[in-house]
Amino acid sequence: MKPKFTPYFEGIVKQYEASHPGVKIEWVDFPWDIIQTKLVTRIVAGTPPALVNLNVPWADEFARDGLLTPIDALLDGHRKQYLSSALQDLTFHGKTYGFPLYSNVAVIAYNTEIFKAAGIERPPRTLDEQLAYARQIAQRTGKAGLCPALSKIDGLMMQQGLPVLANGRAAFNTPAHVALLAKLAETYKAGGLLKDALFAEDNFPAAIDAYKGGRLGMLLAPPTAVRRIETDARDIYAKTDVAPAPLGPTGIADGGWLIHFAVPARVDVRQLPAIGEFARFLTNDANQLAFAKQASVYPAAAIAAQDPFFTRAAGTGAAEKAVPAGAVSMRHARTMYVAGVEDYDELRRVLVKAVEAGVTGRADIKAALDEAAAIWNRKLARSQHAATSEMRGAGRAAPPLSPGAASRQIAGFGPRMWGIARHRPAALEAP
């Protein structure tokens, strides 16, 4: 985040040091692509930062591997400071593993001229309505109505209340899953889905380009994307309106991706009260509000999330209206992912290929899903067998990680890290 947010974080440091004499804070920046390795190395060496900035899937993985410290005691009396949905995101096996910082959500931007030509009078409120509108737009205007991110079909399934895994086996070939794909296939056949990069790993560039070119009726995107439309295609922006993205039957909003502070394992347990104090300071309402305004994200602090900056439109344009449209969904935002599966990206690609075959009509939907499920189950069975064999070969469990008594650090923030020490700066390597 350097250099854009350097003044903000340097201000945080000065404010905290001024109110805590004898405490010095060091902030070190790390790229996302190396922070996991850096963190594990420091934990194993017994010199972890006391706070690290993570997303939810990473936190889940680290918690399962015993590399994070539960923070329930540090949240005692402070849980109401945060959105309950954010704390739920960070609760694994009954324990909480992070101080929520910020998230994001999607809004639905739509071309009012295309809606009018298609005879549509209001924005969609459900996925079924989105698909029905897309078919209607195609039928009456010859344009695509929607461009869902079908390479993330697992997230869409979960948002719609359809599990991907159950009891260690693939669960995506049920009649309900087939019915969901049948709706997508019907819309695809009718021309309602934008075919440009529909199944690509990242089809958002194609989707927003089509929207800016007047070839797409609806765009699911973060509010910041509406500002891009204003900058790049003012004629289309003038025809654009926005609404909250439809919730799934689960009540979960699209686009959630929570970022938070976690406490690594092997921190000095004597420092935990100070760690909690600093983490709550970093994530209090005032600091989350200030950061969220600068970063164009949504705070995960309960009071900050209701600030008029987010809940009231600053103007009448679509970009201004997108901010409160997103705020409506923040309390419903959850991070959707599949945890605890080895080589999950490989398995997800198998699922996406099956979905592509079924949606485009190249294969029977049920047969394609059954074939993908069989591949998943063989892979999952091998992984479970390997894990069981490894446990038997080990003979006994490895001893738990012990607190690192030598560490004086109070906090790390990565992709950047913070170090705090009493009376002297903590030593953290440069990025």
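**Before starting.** I am working with a predicted model, where local features need pLDDT of at least 70, side-chain atom pairs count only at pLDDT 80 or more, and totals for chains, interfaces and linings use all residues. Residues are numbered from 1 along each chain as its sequence is written, and side-chain values use heavy atoms, with hydrogens and water left out.

**Entry 1: Asp 285.** I found Asp 285 in helix α14, residues 285-295. Helices (H or I, at least four residues) and strands (E, at least two) are DSSP runs, numbered from the N terminus. Does Asp 285 sit buried or exposed? Asp 285 is buried (under 20% relative accessible area; exposed is over 50%, partly exposed in between, with a 1.4 Å probe and protein chains only). I looked for a salt bridge (a side-chain nitrogen of Lys or Arg within 4 Å of a carboxyl oxygen of Asp or Glu). Asp 285 has none, and the nearest side chain of opposite charge, Arg 280, is 11 Å away. Lys and Arg count as positive, Asp and Glu as negative; His and the chain ends are not counted.

What does its side chain reach instead? The side chain of Asp 285 comes to 3.1 Å from the backbone nitrogen of Ile 303. For the backbone nitrogen of Ala 304, I read 2.7 Å.

**Entry 2: strand β11.** I checked β11, residues 240-244. Four of its five residues are buried, so the strand is largely enclosed by the rest of the structure.

**Entry 3: helix α13.** Arg 280 is one of the buried residues of α13. In this helix, residues 272-282, eight of the 11 residues are buried, so α13 is also largely enclosed by the rest of the structure.

Terms used:
Polar contact = N/O pair within 3.5 Å; in protein donor to acceptor, adjacent residues only side chain to side chain.
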